[in-house]
Amino acid sequence: QIIEAKIGKVVAGIVDPNPAIDGKGLQALRNAGIQVDVGVLERECKWTNRGFLRRMQQRRPWVTVKSALSIDGDLALDTGESKWISNATSRQKGHILRAEHDAILVGIGTVLQDDPELTVRLVSGISPLMVILDRHLKVPENARILEGGNGVIFCGPGVDEKKLERIKAADIDVTVLDESADEDIPLRPVLEYLAARGVNMLMVEGGTRVISNFFAAHLVDEVSLFVAPRFLGRGLHITEHLTLKNMQEAITLGDIMIRQTGTDIWIEGIPSCSPAL
């Protein structure tokens, strides 16, 4: 249509990274005598399309770790109680983030402790695909996260086959990863599977082991933390399962944005482990 309209100049921010496209569209415009300028507002265009770029270039979604935590870094008390650390405004912002992501991921510990819905309720928006990492398929069959059939469970081999079939019959996708070891589900196959399903943006909501594993594997691209002005003392620390050998291994935040949501502080940033776009 651009060629037929005899437009003289086209401005593009970036070249489509999809290997199936490979700049063919822009080249067709040039072949038709149209001036094509690429790179205008390139940084902004890459950020807007960061999920698609990550999926095309890394075969995985853009991964955002979102959490509400105390000022001393805890997601919950050591009993597991976490409702509510953040205030109502922060929780509403959290639901906006859910609506902006294609999928949301938690570990089985979060499901067993909180029985979350992981849906978009406090704002208008479409609820993301719900993803559970559940090595031994411990998820209760009446868990709220299984309602509606909008979910994927990743488990390991040797689980209860009858339970697996019942969950599948409820329109839940259950994927058995043979390479699962110990209590942890390997993250790379999970992300590749989600990317193959077209998931560009994935939000990781917990718990501490899952978040720690994502950081340890250098698979976090963005963080969104709602920090409440309260101390929980000995609680469940957000990265308590992440072990570093020295300060040089510390993951730092860049492109930091800090805002206030009521009495809470909302911190967003890009961790140093995230590959450049």
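These legends walk through several close-up views of a predicted model.

**View 1. The largest nonpolar core brings together 31 residues.**
Leu105, Leu133, Phe154, Val190, Leu202, Val204 and Phe214 touch the most other members of this core. Helices and strands both contribute: β3 (62-70), β5 (103-107), β6 (129-133), β7 (151-155), α7 (187-196), β9 (201-206), α8 (208-216) and β10 (222-228) each supply at least two residues. Take a moment to find Val190, and set aside its neighbours within four places in sequence: Val190 is then in contact with Leu105, Leu133, Phe154, Leu177 and Ile185.

**View 2. A second core sits separately from the largest one.**
This core holds 24 residues, including Val111, Ile145, Val159 and Trp266.

Which residues of helix α3 (residues 50-58) are buried? They are Arg50, Gly51, Leu53, Arg54 and Arg55.

**View 3. Four nonpolar residues form a patch on the surface.**
Leu253, Ile256, Ile258 and Ile265 make up this patch, and together they have about 340 Å² of accessible area. Strand β12 (residues 253-261) gives the largest share, 3 residues. Ile265 belongs to strand β13 (residues 264-271). With a relative accessible area of 32%, Ile265 is partly exposed.

**View 4. Two peptide bonds are shown here in the cis form.**
One runs from Lys83 to Trp84, with omega near -10°. Trp84 is in the loop between β4 (74-77) and α4 (88-99). Another cis bond links Gly206 to Gly207, with omega near 5°. Look for Gly207 in the loop between β9 and α8.

**View 5. Two aspartates have a positive phi although neither is a glycine.**
Asp115 has a phi of about 45° and is found in the loop between α5 (108-114) and β6. For Asp255, which lies in strand β12, phi is about 50°. Are these residues buried or exposed? Asp115 is partly exposed, at 29% relative accessible area, while Asp255 counts as exposed, at 57%.

**View 6. Cys155 and Cys273 are both buried.**
Cys155 has 0% relative accessibility, and Cys273 has a relative accessible area of 11%. How many disulfides does a search of the whole structure find? The search finds 0. A disulfide is a covalent bond between the sulfur atoms of two cysteines.

Notes:
Residues are numbered from 1 along each chain as its sequence is written. This is a predicted model: local features need pLDDT of at least 70, side-chain atom pairs count only at pLDDT 80 or more; totals for chains, interfaces and linings use all residues. Side-chain values use heavy atoms; hydrogens and water are left out. A nonpolar core is a set of buried Ala, Val, Leu, Ile, Met, Phe, Trp, Tyr and Cys residues joined through side-chain atoms within 4.5 Å. Buried means under 20% relative accessible area, exposed over 50%, partly exposed in between (1.4 Å probe, protein chains only). Helices (H or I, at least four residues) and strands (E, at least two) are DSSP runs, numbered from the N terminus. Contact means heavy atoms within 4.5 Å. Patches are made of residues with over 30% relative accessible area and no salt bridge: like charges are joined within 9 Å, nonpolar side chains (Val, Leu, Ile, Met, Phe, Trp, Tyr) within 5 Å. Accessible areas come from the Shrake-Rupley method with a 1.4 Å probe; for residues, only the protein chains shown count as cover. A salt bridge is a side-chain nitrogen of Lys or Arg within 4 Å of a carboxyl oxygen of Asp or Glu. A disulfide is a pair of cysteine sulfur atoms within 2.5 Å.
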